[in-house]
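Hi everyone, thanks for coming.

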Amino acid sequence: MCGIVGYIGGKNAGDVIIDGLKRLEYRGYDSAGIAVISEGAIESRRSVGKLAELGKILRSKPLKGLTGIGHTRWATHGKPSEENAHPHTDCSGKIVVVHNGIIENYLELKKILASEGHKFKSETDTEVIAHLIEKNFKGDLFKAVLETLKTVKGAYALGVISSDDPDTVIGARQDAPLIVGLGNGENFLASDIPALLPYTRKMIFLEEGDVVKLNKDGVKVFSKDGREIKRETKNITWDAVQAEKGGYKHFMLKEIYEQPQTIQDTILGRLFIGEQKIYLEDVKIDDKKLNGLNKVYIVACGTSYHAGLVGKFLFENLVKVTAEVDIASEFRYRSPVLDKKTLTVVISQSGETADTIAALRLAKQSGSHTLAICNVVGSTVSREADDVLYTHCGPEIGVASTKAFTGQLAALYLITLDWAAKKGSIKKDEFVRLINEFWETPSRIREVLKADPQVAALAKEFSQKRDFLFLGRHVNYPIALEGALKLKEISYIHAEGYPAGEMKHGPIALIDENMPLFVVATKSAVYEKVLGNIEEAKARGGTVIALATAGDKEITAKTDGQIYLPEVDEFFAPLLTVIPLQLFAYHVAEVLGCDVDQPRNLAKSVTVE
Ligand code: M6R
């Protein structure tokens, strides 16, 4: 939540920063601002609304300077307004700060600072930082920041500049992501990798408690007590083009269409069909320990949680180990029974979701072995987990997660098939059959994507409905939840996902001609049961759209609309069935004129509790 960019070098800082912020706008987009050091003084531009608004202001009143910081905001303290937009200044206007996170003791600090004569101009928690730095400034910005960090409590990624120290940008990180980009005669700060891809691939991922001092020729990282420390420089292989729309109208559509490739990239080099083997390079847990585990907890939020629900089926059916799935914000506040015999799998696209990080830390403290499924190299989750299996999906920019979800599923299939083979919980010929099925997934998704025009037509037909039900059973129940979440988040239509068999225990009362149902009814062991559920809905006047297996004539007669998918082993069905639901949500949002990539009230990574 909130995106930060900092720059120092030979280019016009304002241009680099707005360009970087555009690539971070998915993190928040209710207001934005930039400050640069221009001819020895701080100059800033701020505006409410999306970056395009700030862009307009910058075109009419350009900023000139070689050092600067910028911010795109997702409001926590104080409504979206120009006064509350970052950067925030001290009383003198010589110090400016951008911040992602929450300063928990800001009210207490504000009271003290106000009693000392500091004048506040915003309702934000961030502004106290600028005034504290002012109070602590004795000619050295870095020392003033260190002093300030002793008094603030909470989560922060900070960027700070001062006209009294014009050749320095200071960054600090505590429980919110911050990376440093290393260039030639220029250096960068940012909340996330895509902001910096056009400028550098050499990046340092700051760790908790790190404070960084950037000037144009160098970067030094320190601990909060001022000791210099070494941090590894990583070479990022993501392509800058991956973070562009590439001819698609929206990132979300591009990312839906990328799925055959991203799944292939996640499988490649790990699944060896010829050798009938899976090799997970980063998962170091030894076979003895693995086979001694007796319970799996899967913990995640949102879409990643839905991937976890599919994971439960895979662990139980393939590995024959008990698996529980938890929403991270619940898991962290109950008392899960964790010990050395449990494996905790945390799933996170960004690797920066605050609740997921807290759950991971809880599991580690309790002695559980932790395994992360994560898309962002160097993120907090990926660094802190005992083992990490990266999804190779490239940057996901659309706020609604799509390719990260199928990438997470692919990772879960790899992990469970590998463990099942090692444990001997499935027979060799079954393992071989399943990996061959799995291998076909990318080409099957390509087939499913051909149904896009039909899905678009259905979206047009149903876009005026205000409520939707999504039903699925067994391994497709999480897909019903995911279909409902996608529709809710980008088209603001009320939608609920249900296990189809649960309908008669209450929700069936909702069904009438105004409540269309999407039912995942592909061929599987529960197919007949799902048909029964469709009959029940039809008998009550419901309009049913089915996701069905190609060639299924029975379903054509029983339902009002159908999307046909290639035949697939039921275990792998979620990788296919989710695609039309992603497309449906996308097209409905398009018809309704919603902002697909940046839906209201949301941000891509939820770095606050
Ligand atoms: O980065 P994470 O996977 O940890 O994010 C978890 C959720 O915030 C995320 O999946 C969210 O639900 C998406 N907006 C769903 O499309």
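**Around the ligand**

Let's start with Ser401: one of its backbone N or O atoms lies 2.8 Å from an oxygen atom of the ligand. Keep in mind that this is a predicted model.

Over at Ser350, a polar side-chain atom lies 2.6 Å from an oxygen atom of the ligand. Then there's Lys486, with an N or O atom of its side chain 3.0 Å from a ligand oxygen. How much of the ligand's own accessible area does the protein cover? On its own the ligand has 410 Å², and the protein covers 91% of that.

So where does the ligand sit? You'll find it in the largest pocket.

Now, who's around it? The shell has 13 residues, and the ones that come nearest are Ser304, Ser348, Ser350, Thr353 and Glu489. If you sort the shell by type, you get 8 polar residues, 3 nonpolar and 2 charged.

H9 gives the largest share of the shell, with 3 residues.

Let me finish with another residue, Gln454, which is found in helix H16, residues 452-462. Is Gln454 buried, partly exposed or exposed? Its relative accessibility is 42%, so it counts as partly exposed, since that class lies between under 20% for buried and over 50% for exposed. And if you look for Leu149, its C-alpha is 56 Å from that of Gln454, with the two 305 residues apart in sequence.

Methods
Residues numbered from 1 in each chain as written. Predicted model: local features only at pLDDT ≥ 70, side-chain atom pairs only at ≥ 80, totals over all residues. Heavy atoms only, no water. Near = heavy atom within 4 Å. Polar contact = N/O pair within 3.5 Å; in protein donor to acceptor, adjacent residues only side chain to side chain. Areas by Shrake-Rupley, 256 points an atom, 1.4 Å probe, with all protein chains shown as cover. 1 Å grid on protein atoms, 1.4 Å probe; cavity = no way out; pocket = protein on both sides within 12 Å on 5 of 7 lines; lining within 4 Å. Sits in = over half its atoms within 2 Å of the grid points. Helix = DSSP H or I, 4+ residues; strand = E, 2+ residues; numbered from the N terminus. Nonpolar A, V, L, I, M, F, W, Y, C, P; charged D, E, K, R; others polar. Buried < 20%, exposed > 50% of the residue type's maximum accessible area, 1.4 Å probe, protein only.
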